[in-house]
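Here is a short tour of one protein model, meant to be read with the structure open beside you. Please keep the viewer at hand and follow along.

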Amino acid sequence: MSGGPRAARVGRPLLVLLGLVAALHAIALPGPFHFDDHATVAADPGAQWLVLWWRDLGLHVRPLAKLSFVATHALGERLDAVPQTHRLFGIGLHLVVLALLVALARRLAATLALGLDPRRAALAALLAAAIVGVHPLGTEAVAYVGARSMLLGTLFAVASLLAWMRFRLGDGRSWLGVAVVAALAGAASREAALVAPLAWLAWEWARDRTGSAAFSAARLRALGAWIPALALVLVALATVALLSNPRYRWLLDTSARLAAERPTAPSLAIALRYFAESLLLLRYPHIDPGPIAITPIARVGVLSGLAALLVLAWRVRASRPHLLFGLLWTALWLVPIYALPIRHDAIAERHFYPAIWGVAFPLAVEIARRAPWPPAARIALGLAALALVAVGATRLADYRSETALWEAAQRQTPTRLRVLNNLGVAYMEARRWDEAIATFERAVALHPDDALVGANLLRARERGDGPRPGPARE
């Protein structure tokens with residue numbers, strides 16, 4: 001969007017928004033390492049020392065994410081606050097992502113012909129970023145140290161789309177290079193960011209005023225056939241690089257084996273239902289949701305709802321192209337992860353972090369279109385904002401300690417073995433022996449054949465002084 005006296009006013013409100021989001025996420029700042037952090041960050045020399053990161057560069061699935069851990073680990077050691085420094089850097093990345101999303105929304109407001117004046121466009125951009133900034137579903141990507149790769153992948157994907165838009169709008173050929181480099185950096189941070197070049201096509205399609213449902217021959221001539229070709233080539237190259245990585249192939253094989261052993265496999269229907277329920281605050285965040293059952297009727301309902309949204313977005317594409325773009329953005333981030341059999345865990349909330357904006361942006365545009373709002377609408381919006389902030393703050397407080405995080409998980413899944421075991425281990429580390437024993441006893445009663453939880457029960461009864469047969473956590 002071109003600059004101007006009215007357009008420039010977004011600067012001060014944006015700084016206020018970023019300050020409020022930073023203050024909210026500071027709640028989790030004192031927290032320790034959690035869950036897989038202990039193996040993937042705290043105990044991985046390649047995430048701590050530059051020379052070891054460089055030695056194993058060819059084996060890194062997410063080399064840029066791991067390089068960022070090296071940098072923040074070094075600073076954390078100097079400050080004697082390693083996990084806190086990791087988390088502080090995550091908050092900073094979150095703020096950068098929000099600033100880029102504001103810039104992206106304002107560009108979209110101009111290029112998709114949304115019919116918003118500069119003031120309303122700025123309001124929509126800030127509101128969409130605020131939803132992403134405080135929504136409890138996005139807290140895992142920020143407060144959970146090991147989820148940093150999703151923050152980085154999102155940051156580079158958004159930057160790539162912004163650079164592509166500037167190139168296509170005539171700001172110079174150098175922006176094409178920036179778009180390509182940012183897309184590749186996203187893939188080197190998080191494999192889900194492979195979708196960055198496809199987001200270029202989503203924008204091109206959403207701003208198409210011809211009414212074509214596809215890139216027809218005429219459309220390709222107008223667009224330049226090389227544009228979709230370039231996007232697909234970049235995605236293909238990054239995919240080949242991933243599949244040629246022996247570490248990533250091992251992860252895929254492990255995921256396939258574990259998925260075959262579990263009764264409930266990951267699926268797009270499960271992910272979409274979880275996403276929708278969490279967005280509406282009908283489900284409290286969970287560090288490890290585990291297998292989630294879905295009935296055939298619910299599966300049909302979820303997929304039918306998705307089809308209805310697609311039909312609606314297509315039918316109103318001329319007057320509301322932001323609905324089509326938002327739906328495409330959300331689908332790009334969720335469909336490849338959950339429609340393909342590449343995961344062994346049913347849900348990981350950090351995956352939803354970039355997809356939140358795909359819902360928040362169209363919603364914010366519709367709200368901005370109707371401003372100023374009647375008193376009843378203002379009250380409703382205020383209550384919704386308070387609910388988001390309150391639940392987000394509560395969730396961030398869970399990350400202040402290992403016990404609080406797993407207690408929250410246990411309240412939602414009281415019989416899940418891994419939750420009970422990890423909660424018991426957290427109690428042991430906090431020297432809350434009676435609670436550890438009671439938790440392990442419950443786990444043994446529910447899962448008598450599990451050797452690890454039985455060994456942990458013996459250790460708890462011996463006040464942690466007994467032999468330790470393997471890792472205590474799962």
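## Overall picture

Accessible areas here come from the Shrake-Rupley method with a 1.4 Å probe, and for residues only the protein chains shown count as cover. On that basis the accessible surface of the protein comes to about 20,900 Å², and 66% of this surface belongs to carbon and sulfur atoms. This is a predicted model, in which local features need pLDDT of at least 70 and side-chain atom pairs count only at pLDDT 80 or more, while totals for chains, interfaces and linings use all residues. Residues are numbered from 1 along each chain as its sequence is written, and side-chain values use heavy atoms, with hydrogens and water left out.

The protein has 22 helices and 0 strands; helices (H or I, at least four residues) and strands (E, at least two) are DSSP runs, numbered from the N terminus. Of its 474 residues, 51% count as buried, a word that means under 20% relative accessible area, with exposed over 50% and partly exposed in between (1.4 Å probe, protein chains only). Contact means heavy atoms within 4.5 Å. Among contacts between residues at least 6 apart in sequence, 74% join residues at least 24 apart.

## H19 and H20

Let's look at helix H19 (residues 402-412) and helix H20 (residues 417-429), which pack at an angle of about 155° with their axes 9 Å apart. Axes are lines fitted to C-alpha atoms, for helices over the stretch in contact, and angles run from 0 to 180 degrees between N-to-C directions. H19 and H20 are therefore roughly antiparallel, given that angles under 35 degrees count as roughly parallel, over 145 as roughly antiparallel, 65 to 115 as roughly perpendicular and the rest as oblique. On the H19 side, the residues that meet H20 include Trp406 and Ala409; among their partners in H20 are Leu423 and Tyr427. The residues of this contact divide into 7 nonpolar, 3 polar and 2 charged. Here Ala, Val, Leu, Ile, Met, Phe, Trp, Tyr, Cys and Pro count as nonpolar, Asp, Glu, Lys and Arg as charged, and the others, Gly among them, as polar.

In the loop between H19 and H20 you will find Thr415, partly exposed at 43% relative accessibility. Thr415 touches Leu420, Arg442, Leu446 and His447, not counting residues up to four places away in sequence.

## H14 and H15

Helix H14 (residues 268-279) and helix H15 (residues 296-315) pack at about 75°, their axes 9 Å apart. That makes H14 roughly perpendicular to H15. Ala269, Leu272 and Arg273 of H14 make the contact with Ala298, Arg299, Val302, Leu303 and Leu306 of H15.

The loop between H14 and H15 holds Leu281. Leu281 has a positive phi near 60°, although this residue is not a glycine, and is partly exposed at 30% relative accessibility.

## Other loops worth a visit

Leu114 lies in the loop between helix H5 (82-111) and helix H6 (118-134) and is buried at 1% relative accessibility. Leu114 and Val365 are 251 residues apart in sequence, yet 8.2 Å apart in space, C-alpha to C-alpha.

Phe35, in the loop between helix H1 (11-25) and helix H2 (37-40), has a positive phi of about 50° without being a glycine. Phe35 is buried, with a relative accessible area of 8%. Finally, a cis peptide bond joins Ala371 and Pro372, with omega about 0°; Pro372 lies in the loop between helix H17 (353-369) and helix H18 (375-398).
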